[in-house]
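Student: Could we go through this structure together? I would like to begin with the charged side chains.

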Amino acid sequence: MIYSRPIIALCMSIFLITQAYSQGTLRGSILDETTGEPLSGVNITNQEKNTGTISGTDGKFMLELTDGAHEIRISMIGYTSLIQNVQIGKGKDTNMGRIMLTPEIIGLGEITIISSLAVDRRSPLSVSTIKAETIETRLGDEPLPEVMKMVPGVYATRTGGGSGDAAINIRGFKQENITLLLNGIPVSSVENGLVYWNNWLGLADATERIQVQRGLGASPAAMNSVGGTVNIITRTTEAERGGSIGFSITDYGNSKINFSYNTGKLKNGMAVTLLGSRIRGAGYVDATYVRGWGYFLSISKEFNKKHKIVFIGLGNPERHGQRNFMLSQAETDQYGLKFNKDWGSYNGEINNTSENFYHKPHFSFNHYWRINEKSFVASAAYFSFGYGGGKWSDNFMTQQSIWNYRNPSGQIDWTSIYENNANNTDTFTLASGQQVTGFSKNIQTNFLASHIWTGIMSTFEHQFSDKFKLSSGIHYRYFRSTLQQKVRDLLGGQFYIDDYSWAIDGVSGREQVKHTGDIVKVDNGAFINYINIFAQANYHSGRWNAFLAGSVSENWFQRIDHYNYVDDPKSDVVDLAGFDIKGGLNFNINETHHLYANAGYFSRVPYYKFVFGNYTNEVSKDLSNEKISSAEIGYGMTYDKTRIRLNVYYTYWKDKSFLANEYEQFLDPVLIHGLDAEHSGVELEIDQRLCRNFSVSGLLSLGNWKWKNDVQAKVYDNNNVLKDTVNVYANGLYVGDAPQTQIGLSGNYHFLEHFSLGVNWVYYDRLYADFNPVKRNNPHDREQSFRIPSYHVLDAHLVVNFRMFGQEARANLSCFNLLNSKHIIRGMDGAGHSLSSFTGFWGFGRTVNVGMQINF
């Protein structure tokens, strides 16, 4: 027995050494075939023993296997799985090299070309990508922009609280200075650059990925990307047959049902994907009800290896209540977070003065032509029309608007309005000399905005050599819009009167007595033609990647106004040209570290609303292009389970135009030219996979955004005669409406094989209230806008994957604002630059969203 222990130990040592030498290591690197980006979280499984590992943030993996032959399965949701046979030698490494996974999306590779998607470690840009799985499991009932709130430099929130009502800022720049692309096609408003997110309620269901390019952006169509570009890539068509049906509901009653079906790629090369959804509910905020549908159709046809076509159509007809009037602290304290003073009840029914109803379908036909191994053409023809608008109001022979009638609960007193109109005995003498009585003094109207929007974009790409590639193309767009205000409800009166006192041509024989459906005070529209020619050269050699791009554009603006002008409703055509040039350089120091830099200059044509800034056909005086200079340097590290991205940026914005009092119904617009702003900052992203089942991420954004000068605004009358000047003292004021400090942490933990728990925490500070420059007219008032108190929000998401009826299924539970913090998200500065004079919107309290989806 004395000698048995050493013998046993010796035998164990020999056994372990033998086992070690009978094992080998399998290595490799997994990338997306369409973008070249490393794929993290890919499953690499030994089929015989059902053991394996997952790829790290750099796409690399390492798997210990016994010597001999093995069948390895490489799989990830949304990609076609691969099965490869490998031979492992005793004590040796086997390298599988670069393994390319193909997305299960037909035409996605081609769409990424026309969309100018950036590629990590190749494109010298600051880029963040949000994939479909994140959108499906973490968005809930929030507007689509909020899925981007964990991107550094991005501030995405709701606005008033209605479904889809949201705003997004990037690096301190508002939505009109951010380009929104849908599969590479610009869909921001042609007239003012805004994005009306409520027109896209069902877009999240059809989204494959969202790429946020902060700063210059890679797309030649992104002429407005002062702050950045949001590039939304839809699903197009799936390569495999199948479908899904899902349902979700919130604790405040908003629910959504959705379905999808894919034919898969048929024998004739065709594939069809169809998605549909229905959303309805009462809303979190009072009277923000919603009724909406969503649809998405994609049809692809692959004729041969050279030609492929993809048709995409989507739309979201909807109607929802809004909250457009900001609240004071006193109103929020008295009535609560859900209070909405835009509505009241009459005869037991809700009547909200702020209601949006709209349908804007978008259709595109894409043709991809592989001419030869070196040349490729991607073309897209698109068409969109929109019809709808929102509730508005008008008044005649009274200083009291609808919103001045209030009951003790703070809501609109519709009973008093009806009685006041029904009992009105005042008389009015028409232009014909006839005296009338019994008219309404206050009415509800529909403010209608319709448009037709069509264009074509074509990109030619030629690979001259392994090192040099040239892309060039053209983008043409035609836009026509009509704005009208029509009588919706006489509210107890017999008719309404438009005395045409606002019209330049006066009455001019037109009917002044108005009934339901008649036009009052607004009947104008826009014609805008736009053409853009662009080119980009790309150079790749070893560890170096560089690009140089430029474009020139021509814009033709014309206004038509049937209300102000009877005989000659069309304005002169205004022709304005712009250009941009940008370039960048990326240097991969080694497989772990890389550096990049980019710079650019924009000469941006003013928006249509600035060209005709006085709401007449008179062209604004002293028009000039806005000039934007931008530069950025960055560093990246990708190693095993760690990913770090750090950048510093600087943007100077010169000769910015600003239209004050734009949405004030009873104030004249004031067009301000020549404002300058300086935006600089630093951004940091860190992703760390601590183990196979647990990963964490962090972000930091520190900005310094300020207005740099004082200007004098000139106010003109309808005949373009100077009638007043307004001094604007903005020099040194912080840019408002977005936080200049942003800190975020997130984590994701997989457990018990089928469960996943994710948390997001984000903190905002140095958030200054927005302000009306016209009200900054006191040279002795240099005080900063009201500094909104800092706040933080914690969200939690639980996902469970399981099988139901033999099919894959998923359930998810999301809790937004888990700690139920009370905070202000946006607002306008008041005269005292304090909370007491501030008005704004407060964020939602704690809310819960539950959903389930089954695949078939």
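**Salt bridges and strands**

Tutor: Arg 158 and Glu 146 form a salt bridge in which the closest N and O atoms are 3.9 Å apart. A salt bridge here is a side-chain nitrogen of Lys or Arg within 4 Å of a carboxyl oxygen of Asp or Glu. This is a predicted model, in which local features need pLDDT of at least 70 and side-chain atom pairs count only at pLDDT 80 or more, while totals for chains, interfaces and linings use all residues. Residues are numbered from 1 along each chain as its sequence is written, and side-chain values use heavy atoms, with hydrogens and water left out.

Student: Are Arg 158 and Glu 146 buried or exposed?

Tutor: Both Arg 158 and Glu 146 are buried. Buried means under 20% relative accessible area, exposed means over 50%, and partly exposed is in between (1.4 Å probe, protein chains only).

Student: Which residues are linked with them in a network of salt bridges?

Tutor: The network links Glu 142, Glu 146, Lys 149, Arg 158 and Asp 795.

Student: And how many salt bridges does the structure hold?

Tutor: The structure holds 36 salt bridges. One of them joins the side chains of Asp 394 and Lys 521, at 3.0 Å from N to O. Asp 394 lies in strand β28 (residues 375-395) and Lys 521 in strand β35 (residues 519-541), so this pair ties together parts that are 127 residues apart in sequence. Asp 394 is buried, with a relative accessible area of 4%.

Student: What is the phi of Lys 521?

Tutor: Phi of Lys 521 is near 65 degrees, a positive value in a residue other than glycine. Asn 183 also has a positive phi, of about 55 degrees, although Asn 183 is not a glycine. Asn 183 is placed in the loop between β12 (178-182) and β13 (185-186), and is buried at a relative accessible area of 6%.

Student: Let us turn to the strands. In which sense do β20 and β22 pair?

Tutor: Strand β20 (residues 290-302) and strand β22 (residues 318-321) pair in the antiparallel sense over three bridges. Two strands pair if DSSP finds at least two bridges between them. Arg 291 has Arg 319 as its bridge partner in β22.

Student: How many bridges join β22 to β26?

Tutor: Four bridges join β22 to strand β26 (residues 355-359), and the two run antiparallel. In β26, Glu 355 is the bridge partner of Gly 321.
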